[in-house]
Amino acid sequence: MSEHGRNQVRRSRIVDAANRKDSNKPVRSNGGRSSGLGRIIIAVYGVLALSATVRAVYQILLDFDAAPLAYLLSALAGAVYIVATLALASKKPGSWRLSWYAVLFELVGVLVVGTLSFALPALFAHPAVWSHFGSGYGYVPLVLPLIGLWWLARHKMPETREQGAGK
Amino acid sequence: MIVDGFFIAGAILCAVAVLLGVLATIIRTYPDDFALVAVALLEVFLVVYGIAAAIRQAGGQAISGEPWEFWGYLLTALLIPVLAFVWAVTDKSRWSNTVLAVSGAIVFVMLYRMEQIWDGALPA
């Protein structure tokens with residue numbers, strides 16, 4: 001069953017009406033990575049990137065000395081979330097690899113920092129994105145990379161598009 | 001009280017939008033017309049709700065919270081069904097229905113909050 005294929009039968013009149021206008025435009029594909037569920041994943045990454053970055057900048061500007069390590073790690077996490085969001089949405093060759101490593105980095109980050117925050121609580125007395133496995137963000141930082149890696153594995157590079165996009 | 005009638009109507013519309021969105025996610029692989037129409041109706045409701053609120057406020061009815069907060073919520077809520085609709089029409093996948101369902105849930109939370117600000121009748 002195709003979730004993102006261009007050949008599927010469309011039976012929504014509203015969508016058909018909207019399509020009629022731009023059906024002649026050529027479509028560039030990145031293997032279906034940024035449509036369907038992928039689009040939701042990208043949107044959640046975008047929200048997380050924004051909230052993590054803004055909060056880290058705010059904490060660093062106002063209260064850096066309270067927990068420098070935690071805040072710097074939050075800023076790093078925010079930056080990598082931005083990279084991941086843009087790479088996931090990109091159609092350029094190489095963006096698949098970049099998003100894979102960005103998402104993998106986040107998984108490693110949340111696991112390492114999450115473990116450290118329980119082992120060395122003194123370093124993470126103040127809230128950060130990755131501390132306690134992202135509990136301050138509803139564990140989204142822990143769950144999202146897993147979903148992201150699964151999704152990316154199913155939607156490989158455009159070069160090998162037909163494999164990834166099928167099913 | 002007139003406000004509660006609006007709240008009940010809005011809550012029902014939100015529930016319908018959520019249910020249709022979830023159901024369509026399960027049984028459809030494209031955006032479902034009924035789910036789209038439900039979200040469009042929700043937008044119409046919010047417009048009517050806003051007009052009614054403006055009339056009541058212009059008529060001098062007291063508001064228990066901050067008026068700017070109420071209108072801030074309303075303006076944001078007005079954007080949500082539109083965004084979900086555009087998302088669904090441009091994405092054209094099974095998951096567009098999920099987005100429609102989530103938009104209904106978000107609007108419900110905002111409507112609940114608006115009612116609290118308006119008359120303070122609902123528990124926090």
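**Close-up views of chain B in a predicted model**

**View 1. The end of helix α4(B).** Just after α4(B), the residue Gly120(B) adopts a positive phi of about 65°. The helix itself, α4(B), has 26 residues and spans 39 Å from its first C-alpha to its last, which is close to the 38 Å expected at 1.5 Å a residue (the expected span being 1.5 Å times one less than the number of residues). Helices here are DSSP runs of H or I with at least four residues, numbered from the N terminus. The model is predicted, and local features need pLDDT of at least 70, side-chain atom pairs count only at pLDDT 80 or more, and totals for chains, interfaces and linings use all residues. Residues are numbered from 1 along each chain as its sequence is written, and chains are lettered from A in the order in which they are written.

**View 2. The packing of α2(B) with α4(B).** The axes of these two helices, lines fitted to C-alpha atoms over the stretch in contact, come within 10 Å and cross at roughly 25°. That makes α2(B) roughly parallel to α4(B), a term for angles under 35 degrees between N-to-C directions on a scale from 0 to 180 degrees. Residues of α2(B) in this contact include Leu36(B) and Val39(B), and those of α4(B) include Leu100(B) and Val107(B).

**View 3. The side of chain B that touches chain A.** Here 14 residues of chain B are in contact with 17 residues of chain A, where contact requires C-beta atoms, placed from the backbone, to lie within 7 Å. The largest share of this side of chain B, four residues, comes from α4(B).

Methods:
Contact = placed C-beta atoms within 7 Å. Helix = DSSP H or I, 4+ residues; strand = E, 2+ residues; numbered from the N terminus. Parallel < 35°, antiparallel > 145°, perpendicular 65-115°, else oblique.
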